[in-house]
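Subject: Structure for you to look at

Hello,

Here is the structure I said I would pass on. Please open it beside this message and follow along.

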Amino acid sequence: MTQYIVLSAILFTIGCVGVLTRRNAIVVFMCVELMLNASNLALVTFARQHGNLDGQVAAFFVRVVAAAEVVIGLAIIMTIFRTRRSASVDDASLLKY
Amino acid sequence: MTDFVKPTVEYFELYPLLVVFGIAVLGVVVEAFVPRASRYLVQVLLSLGGLGAALLGVVLVAREVGTHADGAARGVLAMTGTLAIDGPTLFIWGLVIVLAIAGTLLFAERHLDGGVSAFAGQAALPPGAEAERRQLIGNREHTEIYPLMMFAVFGMMIFPAANDLLTLFVGLEVLSLPLYLLSGLARRRRLLSQEAALKYFMLGAFSSGFFLYGIALVYGYAGSMQYAQINEAVRNDAGSSALLLIGIGLMAVGLLFKVGAVPFHNWTPDVYQGAPTPVTAFMSAGTKVAAFAALLRLFYVAFGADRSSWTPMLWIIAVLSMFLGAVLAITQTDIKRLLAYSSVAHTGFILVGVLGMQSASDLAVGEITSLQAVLFYLATYGFTVLGAFAVVGLVRDASGEATHLSRWAGLGKESPLVAGIFAFFLLAMAGIPLTSGFIGKLAVFSAALSAGAWPLVVLAVLASMVAAFLYIRVIKVMYFDEPVGDGPTVTYPSVLTATAIALGAAATLVLGVVPGPLLDLAALAGEFIR
């Protein structure tokens, strides 16, 4: 069991570091999805460990929510790409201080 | 493995929730089938009617709902224990619905910008394109904003009622996703609006990633998603405490992001500034109310037995929020950013009330519980901030809203009424007596004091003095500074925005002069059921 939890922690960390270091909005968003899926792995592993289904059911719900998030996220990234011809998160810097 | 049990659905208690959700879905259908010309009217009437019916439902449920099994508080565990419909839930539901009604009125305002609403004609078109110019002339506007808002209200109602971790996560997302979209739909200053939506979305998704991993770890610790069973596990110290501690920390990141506490506040000024002002008004009030109620339930009911592990963290965050929020607000030159930083400071003040947690039996007669104080503060702050942002939408120049503070100089001469109302809201945020802000601050501070958190209260009083300076400065700009150029102009709104502002001002005044009834209502709400 522990190996799976360690794996999920590694995936979560990769996702987290990716969000903080990558500059393309799409890649940042993919890293967020990686974090969600790392959580799913942890949920399913714990469900197996505790012998109940709560975690597995939760994983399904998380997938649905992640799909909804993709729709919203890509719509927002699309509009900003059309306006600026760039999906870099560094270029969007009109709002500051 | 337990056998599958057919769930019972408590339709009566869930009625307000179902009405709001039904109206949201119906709004989507209206978008598909009703001719464009009549959509605006249909959507506005649908939203207002639905919210009114839901408010009526909340009152009915609050009158009928019986005592919960253990006899300590009134309430029902609905949907096999995933939603807790108890006093605090119903209080927050009522509050969110009233704020949403005012928000709908602001959304529907078409008088301020030459016959169109504050929302983009067609958000998918790039700003300045030929097609967009034609849309502007054709006075087209998105009416999808009303169903989106109703979905957000639905999320804001699930969030405080959630009684297990999965429902909490789904509630968080249902609340957030429509708001990400709404922030990007401004008609004017589209680039700022789109950027606000991108930042809000990216940071929101990032924080909900942390939140979800926290949920997974707490589930790993307790072996259940239900708050009651997590509480049981925490009491018996059932699993590895490292899992629990990291889980609490990660979940706190997600919730503190939503309430906008330092160090997770960075999105607040950008989003408040970039989003269309009606959306800012609704979001700043509604999100804070719903997220604080959810945070209270999670920390009191699920992690209440392990108080010593999370109170130090909230102490630091409360102090940081109050001081950084107030100090950074002083340096702002944009009125919307200024109000955003002041909302960060208010988050700190509410956290002071949250830290006044102690069980009802420890209190002397007549003392208020921290839950009661926080509920009251949320009500006062929600109305004040909604009214303040509604007034911001009225001060305009040729290019739309004049949000730069220098453009507000001389507003007192230009329109004594608008400047007076705004000054009143600012004084309420500063906590001057005879406004609701004073009673709210008094309530949270005395709750914290009776729990023995006096150093925190001393710091909070100092922070309110810093914050008072900031609000007085804006009042000085409005009344005593010479106007730049031809000065600000005030566009007089239709009855819709006027009603929303009047509601905010009336609540701010009445709750400051006769706070008794609402405090009694908060007391009547009682405790969370388990």
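Is Cys16(A) buried, exposed or partly exposed? Keep in mind that the model is predicted. Cys16(A) has 19 C-beta neighbours inside 10 Å, and a residue needs 20 or more to be buried and 12 or fewer to be exposed. Cys16(A) therefore counts as partly exposed.

To find this residue, go to helix α1 of chain A. Met35(A) lies 19 residues away from Cys16(A) along the chain, and the C-alpha atoms of the two are separated by 6.8 Å.

Next, the contact between the chains. Chain A puts 36 residues into the contact, and chain B puts in 35 residues. On the side of chain A that touches chain B, α1 (2–21), α2 (25–50) and α3 (54–84) each supply at least two residues. The largest share of that side comes from α3(A), with 16 residues. Sorted by class, the side of chain A that touches chain B holds 24 nonpolar, 9 polar and 3 charged residues.

Last, a sheet in chain B. Here 3 strands in the order β4-β3-β5 make up an open sheet with antiparallel pairing. Because β4 (400–401) and β5 (489–490) of chain B each have a single partner strand, they stand at the edges, and one side of each has no neighbour in the sheet. Strand β3 (residues 395–397) of chain B pairs with β4(B) in the antiparallel sense over 2 bridges. Asp397(B) has Gly400(B), in β4(B), as its bridge partner.

Regards

Technical notes. Residues numbered from 1 in each chain as written. Chains lettered and ligands numbered in written order. Predicted model: local features only at pLDDT ≥ 70, side-chain atom pairs only at ≥ 80, totals over all residues. Contact = placed C-beta atoms within 7 Å. Helix = DSSP H or I, 4+ residues; strand = E, 2+ residues; numbered from the N terminus. Nonpolar A, V, L, I, M, F, W, Y, C, P; charged D, E, K, R; others polar. Pairing = 2+ DSSP bridges.
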